[in-house]
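Below are some notes for a colleague on a structure that I have been looking through. They are set out as numbered points, to be read with the coordinates open.

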Amino acid sequence: MSKIAVVYWSGTGNTEKMAELVAAGIKDGGGDVTSFQAAEFSAELMDHYDAVAFGCPSMGAEELEEAEFAPLFEQCEKKLKGKKIALFGSYGWGDGEWMRCWEDRCIEDEAVIACPCVICNEAPDETA
Ligand SMILES: Cc1cc2nc3c(=O)[nH]c(=O)nc-3n(C[C@H](O)[C@H](O)[C@H](O)COP(=O)(O)O)c2cc1C
């Protein structure tokens with residue numbers, strides 16, 4: 001059974017809702033899933049999981065949340081080469097630029113992007 005971590009930051013709950021749906025999907029697919037808020041995770045924990053789904057909304061100006069998620073992700077990047085990952089997050093008024101940048105960054109880090117990233121406008125609806 002694949003051990004998969006869902007690691008997310010959420011200010012108003014939209015990305016958290018997505019994280020719950022991602023975790024439920026992993027469980028339905030037979031995966032062994034553990035969810036972490038960004039503050040509970042560390043780069044060292046990356047070694048304990050076959051795959052990691054990262055979730056962060058668009059913050060700042062099309063950026064990752066800077067206080068908790070961005071510093072954590074920067075540390076995790078050192079372990080991304082060859083690692084199976086997925087990316088998801090909610091956004092407001094933009095066009096998803098933060099996710100394009102984030103995905104490009106992961107490609108540069110030579111992560112294995114396991115599935116197309118999922119973004120949704122504010123709270124996730126049926127389509128998201
Ligand atoms: C400080 C701040 C900055 C934001 N910057 C952007 C942005 O650059 N682009 C965008 O599309 N949405 C932006 N948003 C909107 C959030 O991404 C959106 O409300 C999202 O649903 C929040 O997700 P959360 O509930 O998981 O925190 C920003 C929100 C806040 C509070």
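**Notes on the predicted model**

1. F54, F69, F73 and W102 are linked by ring pairs into a cluster, where rings of Phe, Tyr and Trp (its six-membered ring) pair if their centres lie within 6.5 Å, and planes under 30 degrees apart count as stacked, over 60 as edge-to-face and the rest as tilted. This is a predicted model, in which local features need pLDDT of at least 70 and side-chain atom pairs count only at pLDDT 80 or more, whereas totals for chains, interfaces and linings use all residues. Residues are numbered from 1 along each chain as its sequence is written, and side-chain values use heavy atoms, with hydrogens and water left out.

2. The largest nonpolar core has 27 residues, of which F41, F54, F69 and W102 touch the most other members; such a core is a set of buried Ala, Val, Leu, Ile, Met, Phe, Trp, Tyr and Cys residues joined through side-chain atoms within 4.5 Å. Two or more residues each are given to this core by β1 (3–8), β3 (51–55), α2 (69–76), β4 (84–91) and α3 (97–108), and the largest share, 5 residues, comes from α2. Helices (H or I, at least four residues) and strands (E, at least two) are DSSP runs, numbered from the N terminus.

3. Not counting residues up to four places away in sequence, W102 touches F54, G55, C56, L64, F69, F73, L87 and F88, a contact being heavy atoms within 4.5 Å.

4. What does a search of the whole structure find in the way of aromatic pairs? There are 8 of them, including F36 and Y49, which are edge-to-face at 5.9 Å centre to centre with 80° between the planes. Because F36 lies in strand β2 (residues 32–37) and Y49 in the loop between β2 and β3, the pair ties together parts that are 13 residues apart in sequence. F36 counts as buried at 11% relative accessibility, and Y49 is buried at 9%, where buried means under 20% relative accessible area, exposed over 50% and partly exposed in between (1.4 Å probe, protein chains only). Y91 and W98 form a tilted pair, 5.9 Å centre to centre and 40° between the planes; Y91 is buried at 18% relative accessibility and W98 at 2%.

5. Around the ligand there are 18 residues, of which S10, G11, T12, S58 and S90 come nearest, a residue being near if one of its heavy atoms lies within 4 Å. An oxygen atom of the ligand is 2.7 Å from a polar backbone atom of G11, another listed distance is the 3.1 Å between a ligand oxygen atom and a polar backbone atom of G13, and a nitrogen atom of the ligand is 3.0 Å from a polar backbone atom of G92. Of the 650 Å² of accessible area that the ligand has on its own, the protein covers 80%, as computed by the Shrake-Rupley method with a 1.4 Å probe.

6. M1, in the segment before β1, counts as exposed at 77% relative accessibility. Its C-alpha atom is separated by 5.8 Å from that of G31, 30 residues apart along the chain.

7. E62, in the loop between β3 and α2, has a positive phi of about 60° although it is not a glycine. E122, in the segment after β6 (118–121), has a positive phi near 55° and counts as partly exposed at 40% relative accessibility.

Conventions. Polar contact = N/O pair within 3.5 Å; in protein donor to acceptor, adjacent residues only side chain to side chain.
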